Amino acid sequence: MTTDVDKFYDVVLKLTKEAGKLVKERVWEQKTVETKSCDIDFVTETDKEVEKLLINGLLKEFPDHKFIGEETTDSGVKPDLTCAPTWIIDPVDGTMNFVHGYPCVCISIGLLIGKVPQIGIIYNPVLEQLFTAKKGQGAFLNGKKIKVSSTTELAKSLITFEFGTSRDPEKMAVMAENVKILTPSVQGIRSVGSAAWNMAMVALGGSDSYFEFGLHAWDMAAGDIIIREAGGVVIDPAGGPFDVMSRRLLCAGTSELAEQLMNVIKQYYPPRDA
Ligand code: IPD
């Protein structure tokens, strides 16, 4: 039986693939780059065009659906998560990578209904990796089922965290402290500049855990459901439930690892998304 969610999924997947062509064609081309919150927070014409393509395409089919999009928010629309079906969209996650031609760039789209995640899509069109999930149906990479890693010990883990584009001295000090704490405590640390891709790597089991402070709902909404459907955990970095509007995230393959990480890292609390 085809459900509404199946229909939403088919429509968004088609649009995502169309949008992916634009990103792939342009990743090594000259771009027009503008700055947003600071001089290293970038937006390109492709970010704007992809967000428009996705929102207009979805609105055409589902006129009563709501949207929280990175570029729409940056143009002054306040992000508002209600119980209505809401698409949370990052048209190019890893914009700095896109600007430099570093191929870790993803289109990230989550659908929440009644504030419950129903669909997640993370698409890296450059590396041709399509991560997908529907609630209760597992997580997939290019159609093949994926699952998180089973690592339970920090000392045996490969973890990811990001510094983001904020140059708030308090946040930079917290992150420097976390580098000091974690470098001798884990097997390896990675930081590739795309929150969505980092979450996809946890879902795939390539990375055991990822945390970041200062993200936005559009960076995390798709990854949240993809990781849970792959068997992983997504929580607040200080413990307790994950809140997509909180700008804080810790995800891991196992709850044991999530708990160990949460207990050693220094915390930072950015202002919420809404
Ligand atoms: C950014 C990337 C980056 C993360 C930042 C995000 P954007 O998203 O995901 O890895 O560290 O916090 O804002 O701006 O490229 O869509």
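From which domains does the shell around the ligand draw at least three residues each?

Modeller: This is a predicted model, in which local features need pLDDT of at least 70 and side-chain atom pairs pLDDT 80 or more, while totals for chains, interfaces and linings use all residues. Residues are numbered from 1 along each chain as its sequence is written, and side-chain values use heavy atoms, without hydrogens and water.

The shell draws at least three residues from each of domain 1 (2–145) and domain 2 (154–264), with bounds from an automatic or database domain assignment. Around the ligand are 14 residues (a heavy atom within 4 Å), of which Asp90, Asp93, Gly94, Thr95 and Glu212 come nearest. By type, the shell holds six charged residues (Asp, Glu, Lys, Arg), three nonpolar (Ala, Val, Leu, Ile, Met, Phe, Trp, Tyr, Cys, Pro) and five polar (the others, Gly among them).

Polar contacts are pairs of N or O atoms within 3.5 Å. Oxygen atoms of the ligand lie 3.1 Å from a polar backbone atom of Ser194, 3.3 Å from a backbone N or O atom of Val92, and 3.3 Å from a side-chain N or O atom of Asp219. Of the 380 Å² of accessible area that the ligand has on its own, the protein covers 90% (Shrake-Rupley method, 1.4 Å probe).

Conventions:
A polar contact is a pair of N or O atoms within 3.5 Å; within protein, one must be able to donate a hydrogen and the other to accept it, and residues adjacent in sequence count only if both atoms are side-chain atoms.
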